[in-house]
Every structure is written in C-alpha cells, then in structure tokens.
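Me: I would like to go through a protein model step by step. Could you show me the structure before my questions?

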Amino acid sequence: MKKISLLGCTLSLFTLSLISAPSIAVDKYVSDVIYIPVRSDKNPQASILQQGLASGTKLNFIREETGTDNNLWSLVITPDGTEGWVRSQNVTDKPTAALQLAALSNSSRDILALQTENAQLKEQLAKVQQEHQQLLADTEDMRQAATTAFNLEEEHQRMLKDNQLLQTHADVLKAENEKLKNTDRFNHWIYGGGLVFGGVFLSFILQAFGRRKRRSEWR
C-alpha cells in the first residue's frame, strides 16, 4: 500500500513538473500578404464585388469618404475594371515591401546584366581596336607596296625611254656606219678605177714612146 502511494506521488510530481516547465519558443513572423474585398458601398456589410485583392495590387484611386462605420473608405477601380470601395487603412501610396524588394532585386539583376554587358562591350572594343591596328598596319604595308610598285613603274618607264634613246642612237650609228662603208667602197672604186685608167694610160704612153724609139733607130 505504501509502495503504491509512493509511485502515485512520483507520477504526480513528474506531471506537475511537465506542466510547470516553460515551452520551447519558436520564431514566427506576421505575413504582409493580405487579401481585401471590394464592396459595393463604404459599409462593412455591403455586398462584395470582388473577393480577395492581394497585397501589392495596383488600384486606380478616385476619392476617399467616411463610411457608415466611421472609418475612411476609398473608391477605387481594380485592374480588371471593377469599381468599388475598400478600407483606406488597407491601401497605401507606396508599393509594398515585397514589391520594393522585388524591384530592388530586378534592379540588382539589371545592374549585374549591365555590368556583364559592359564587360562584353569592353572585350568587343578591345577586339575592334586590335583589328583597327591590324588594318592600319596592313594599310601601311599596302601603301608602301604601292609606293614601291609606283617607283618600280617609274623606273621601268625611265629605262624604256633610255632604251629607246639608246636604240635610236644605235640606229643613227648604224646608218652612219653604212654610209661610211658605202663611201669607203665608192672611194675604193674610184681609186681602183683611177689606178686602172692610169695603168692603161701609162701603157699607152710607154707603147707610144717605144714606137718612137724604134723609128728613130731605123733612121
């Protein structure tokens, strides 16, 4: 009997200790996502025209009035064209924190995209500058080659002119040589003819002189 009483007391004390012990705390957060109804009048009991507009929904504000519950109500037009009343405490002039964070994230992504595009453009610019320098070098080589070709052409033309002058001079010398040869042959012919004529004439004289001598001897 004593053992049963002792066991009961022990269980009671253990149960009490569990009840009195503090529970383990768990962190929780209030969500900023709410859904509000659009009513036909500025009255909490008015009929609902559209159910559950989510936080961040962009509304076209018309005017603000006090409702039957003494709260401010705003007449708005929803994105789908529904015109109705919502409590002014549920609307704000600025986007929600979630939308601002999303916009910031988009802006960050845009900045990152711009930085990436900027880096790509810098690489393309460096490549274009390198190609430009190569084109300049090629152009300079082509210019020098063209200058060399032009100089060679000028030298070729000059050599052609010199060759033509030499050929003309050679032709003149050849003509003069032929003339001298003809003159020399003519002179040789004249001299030869003169010698022949002189020989003939001399033979006649000698013959005549011989006849006279013989006649004188006969006498």
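Questions and answers on this model follow.

Reply: This is a predicted model, in which local features need pLDDT of at least 70, side-chain atom pairs count only at pLDDT 80 or more, and totals for chains, interfaces and linings use all residues. Residues are numbered from 1 along each chain as its sequence is written, and side-chain values use heavy atoms, with hydrogens and water left out.

Me: In what order do the elements of the protein run from the N terminus on?

Reply: Helices (H or I, at least four residues) and strands (E, at least two) are DSSP runs, numbered from the N terminus. The protein has two helices and five strands. From the N terminus on, the order is α-β-β-β-β-β-α.

Me: What share of the 219 residues in the protein is buried?

Reply: Buried means under 20% relative accessible area, exposed means over 50%, and partly exposed lies in between (1.4 Å probe, protein chains only). Of the 219 residues, the buried share is 8%.

Me: Which residues make up the largest nonpolar core?

Reply: A nonpolar core is a set of buried Ala, Val, Leu, Ile, Met, Phe, Trp, Tyr and Cys residues joined through side-chain atoms within 4.5 Å. The largest one here has five residues. They are Ile36, Val38, Leu53, Val76 and Val86.

Me: Leaving aside neighbours within four places in sequence, which residues is isoleucine 36 in contact with?

Reply: Contact means heavy atoms within 4.5 Å. Isoleucine 36 belongs to the largest nonpolar core. Beyond its neighbours within four places, its contacts are Gln50, Gln51, Gly52, Leu53, Val86 and Asn90.

Me: Where do the partners arginine 87 and aspartate 69 lie?

Reply: Their side chains meet in a salt bridge at 3.2 Å, N to O; the term means a side-chain nitrogen of Lys or Arg within 4 Å of a carboxyl oxygen of Asp or Glu. The pair links distant parts of the chain, 18 residues apart. Arginine 87 is in strand 5 (residues 83-87), and aspartate 69 is in the loop between strand 3 (60-66) and strand 4 (72-77).

Me: Why does arginine 87 count as partly exposed?

Reply: The cut-offs for accessibility decide this. Arginine 87 counts as partly exposed because its relative accessibility is 27%.

Me: Why are glutamate 155 and arginine 158 separated by about one helical turn?

Reply: Their side chains meet in a salt bridge at 2.3 Å, N to O. Arginine 158 also forms a salt bridge with aspartate 162, the closest N and O atoms being 2.9 Å apart. Glutamate 155 and arginine 158 are about one helical turn apart because they are three residues apart in helix 2.

Me: Which residues are linked in a network of salt bridges?

Reply: Side chains of opposite charge can pair when their charged atoms come close. The structure holds seven salt bridges. The network links Asp41, Lys42, Arg63 and Glu65.

Me: Which residues make the nonpolar surface patch of about 530 Å²?

Reply: Patches are made of residues with over 30% relative accessible area and no salt bridge: like charges are joined within 9 Å, nonpolar side chains (Val, Leu, Ile, Met, Phe, Trp, Tyr) within 5 Å. Areas come from the Shrake-Rupley method with a 1.4 Å probe; for residues, only the protein chains shown count as cover. One member, isoleucine 205, lies in helix 2 (residues 97-218). The patch is made by Phe197, Phe201, Leu202, Ile205 and Leu206.
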